[in-house]
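Subject: Structure handover

Hi,

Here is the structure I promised to pass on. Please open it alongside this email.

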Amino acid sequence: MARTIFGPTYCVVEAIHHLLQYLALGDTEDFDAALQLIDQALTSPEGLGDHDARWVASHLRFLADEMGAGSVWSLLPPDLPASAKQAFTLSSPPILALWKPQRELLRPETTNEDGQALDALHENVRRIVLSVPTSAGKTLISQLLTVSFLARSDSSVCYVVPQRSLGREIRRDLNSRLLLLGKSLSRELPEFAASVDQFFREVFGEDEIFPISFDRALGDVSIMTPEGLDQALRRDPDDVLKQYGMFVFDEVHLIKEKSRGFKLESVLSFLHLHTRDTEHKIVLLSAALGNAGQLAAWMSSDGPAKLLESDWRGPRRLHAVFNTDIRWNDYTVQDVPRARGNLSKRLVYDTYGRVRLRPAHGQSQAVETTEPIGQTVFRATAQLERDSSPEGPKSTPSYRMLADIVRHVGQAGPVLVFRSTRAGAVAMANAVGEGLEALQQCEDLAEMAREKLSEKHPLPGLLAKGVAFHHAGLPIDIQEAIEDGLRAGLLNYVTATTTLAEGVNLPVRTVVLAENSYPGQSPETHLTGSRLVNAVGRAGRATKETEGWVILARNAAPTESDFDLFEPAEDDLRVSSVLLEASALEALAVFEEALRAGEDAVLSAHDELAEFTKYVWFILAAQEELTSAERSPDPMTAFAGTLAYRQLDAELRARYESVVEAVTSRYAQLDRESRIRWSRTGAGLQTSRRLDDLARRVADTWSLTDLTSEADPGSVLTFLEEVGVLDAMLDFNECPRTGLQFQSKQGKNGQTFTVSPGDLLAEWVSGASLLGISERLFSRIESETKRIEQAVDTVTDFCEHYFAWMLAALAALVNAHLEADRAEAEFPTNLATLVRYGVRSKHAVELLTSGVHSRDVANSIAEAFEYEGVDPNGTVAWLSAVGIDGWRERFSATNLDARELLEYCRDQDRSILQELLGSGVTSFRLEGWKEAASDGRLELACDDLSSSPAPVVVHEIAGGERRSLGAVPIMRHIEVQALMSAGLEMNLELRGGELSISLMGFRGDVPGDL
């Protein structure tokens, strides 16, 4: 064929095949063969007349050179095993090559003392600061760093994220990579858990280790929040430093956030100081660092941290500004019935939409709607003299006029609209949904929302049309279903509060910034600085398109400076310690005054200063606990290791140093056991003292009851309420609100009512649904939508976070007192975990800490376990027998739930994927198998294309007919699906029910460079 007139076309097709084989498997023979075939297509005399094929070949040659230089096989260090590179080329989404700007980030720029080039992936680079825009590959580079480390080390990686929602996304992204590397994710522990070992003992008992082995529970990558890492360090700093060899901090710019910033700064400072002379790695990630160089200097060890900066991003952006245009010469006049004063007329003006477009750094052009999109109404005198401001209730709201534009741009791809408030997000979603028809593809999503929120809630009806609103007042599984629906292409319009800009990554074609600011709005919710950068960065789906659109909605007269609002001011991107904030300095002044007055200033410190005193106390406790004493700095050295110390002037440093001295003095006044107990709570020092006093009271009373460590959680909660513990906790400084008081409706006519903390916790731990909790505890709230939102907010703030944390600290303190008293009684150590997850069974905790995120699904499965008497060690086999369709039918599992259950059931002891890529062949037994015909061809396929995931079956194709020969076992589903997605050429054979899979053209392990 190559020597015929069809030769160029043949050579091009074969070259593409070899090029893809090289990019996937890394065999340089394939790459060389591809180049030879391309050259042959260009020079073959037989095909000189085939201009199309030769044109394609000339471009393919350029592309091949680029992909060869940017392929994972040439980019990753040659000492890494092939599996580390296949973790990217064969997983989903596959990464075959990096763009040139991404490669430049990883190019060697520094040398060690021996003159050896050190790129970012070199094992001797111990500190990295990565600052690149959203959609520039921040996540990919962090994955490259993580996989490279794991391929070389026996240590684990700790990946720190600001929100659990982002953590779940990171887990999904990393899981397929780790699968090919032969590594795994660790359990998702609650924030207050010290370690997997302690968690197992406290929740499951010494001899009740469920279906997963202890090694699997540890895993190789732990994903946690700064609060979770802080708690682990407080409980056992030695264990953290021994377990993890690399710490990755995502969204590190949040150091400047008032609410949680110093927590992140203090954890980073502690780790940096304690690992300066070790092999530990620390990586800081952000899309918005205005002073990345200063952070790199802060993280210096034997030299400045390696700074990776770039302004490049994948899809280019088109900026647009939306304004309304009132036609002042075109109006109608209406009389105002029963008008008071001299404004007896109403002037109604048609209002058009005006959109100014500007490519990045280009000239703007304007377009206008051909029809009015609303009306603007003014009151006027009898002489038609207009009032100065529009008549709001009679005018078309600006968001309704914007909805027309949103629907229009939605025809090009999914749209994400940011609003400042929940009510604003809901109103925008309703406006966008008007006039849209229901979509068959969204019916399952809408039905799931109806079951969890009720038919009257506005969300199900919108979901049926491919529209959703997203905010923290929705149950977490609803939020995840919306995010999953947007990624899967089911939803085309999502309106969200600005907090989502810093949360999960939801890339869309168009981002609309429609912030509706309001009096008293927290600065942390404004679309400025890093939040603006992240929001704008959502526009343009990398790997799906080359362009993203960003529309800024302005309720003001248009000006050319409007386009400047797309770029945040430099000061807004500067990361500074919260100890420099005005509120921190005010708290410092109050502290100093209390100190001068002879008061206990250390225990009464508040706001940011309370976080600082807590950190100093922790440093002192760590000095006493760390076995490597030489690694433990004194408090003054620890303060000097903070970012704040670098940014404070000499006067403020001295004032904060006085605080360090005061905390050190107060620490020494307490006995060793008490001061270490206080540090381990993770609470402020005042709260720690009060909590310790409560624990003493509980310990004295607990010994007099018939309750044991295995007591039902409901009984324990009743006991705690009777002795006043729950009410006392509502008075702590850390309490998210002042008590559990609510309003029946907004405004002066609303009535106040109170929910008992005992009732709230009892309902939650019993497994009651959020809808049920809203109906029973919040029935006095008139609006059903607000009722559910209030239930979600309260459960999130109090059950999943505050009470769970406080009860964990209380249990540790109570048992410490009981042990000191040599009492035989023990307070339940699993209560906090049951409260955290809202379950009453260990089975449900097992699922929820193993990657299954739906509380409702976990509770349903746990109830079935108990009803059918399933052995704890047989849960995987039982779930596998139920199957994917059974999960949906019996437990109302969504597609996302089913994928998580498949991962839970995956065989942890044997990897057929590793076998296939290592030896070229693997095999396993099919379920319900039939013998194959001698002349039939076998293929793997999903049994039901209408749902995903669906059972995977082996089909035989013979004589033009297709028949099923058997199903892939549930425990093999994830790996077989990964094989199918990788697009590898495989040969299948079925003998006696054993399916054999071999790679065609397999040549064994291959070198990783060109």
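Below are my notes on its aromatic rings and its nonpolar cores. Keep in mind that this is a predicted model.

Aromatic pairs

The whole structure holds 26 aromatic pairs. Take F639 and Y645 to begin with. Their ring centres are 5.2 Å apart and their planes stand at 90 degrees, so this pair is edge-to-face. F639 is buried, at 1% relative accessible area. Now look at W878 and F891. Here the centres are 6.2 Å apart and the planes meet at 40 degrees, so the pair counts as tilted. W878 is buried at 13% relative accessibility. F891 is buried too, at 4%.

F639 and Y645 also belong to one aromatic cluster, together with F262, F612, Y615 and Y656.

Charges over rings

Elsewhere, R386 places its charged end over the ring of F378, at 5.6 Å from the centre.

Nonpolar cores

The largest nonpolar core has 119 residues. Those touching the most other members are L513, L720, M729, L807, L810 and F827. Helix α34, residues 784-820, gives the most to this core, with 18 residues.

What does L720 contact, leaving aside its neighbours within four places in sequence? The list is V698, V725, L726, L807, L810, F827 and L831.

Best wishes

Key: Residues numbered from 1 in each chain as written. Predicted model: local features only at pLDDT ≥ 70, side-chain atom pairs only at ≥ 80, totals over all residues. Heavy atoms only, no water. Phe/Tyr/Trp six-rings, centres within 6.5 Å; stacked < 30°, edge-to-face > 60°. Buried < 20%, exposed > 50% of the residue type's maximum accessible area, 1.4 Å probe, protein only. Lys NZ or Arg CZ within 6 Å of the ring centre and 35° of its normal. Core = buried A, V, L, I, M, F, W, Y, C linked by side-chain atoms within 4.5 Å. Helix = DSSP H or I, 4+ residues; strand = E, 2+ residues; numbered from the N terminus. Contact = heavy atoms within 4.5 Å.
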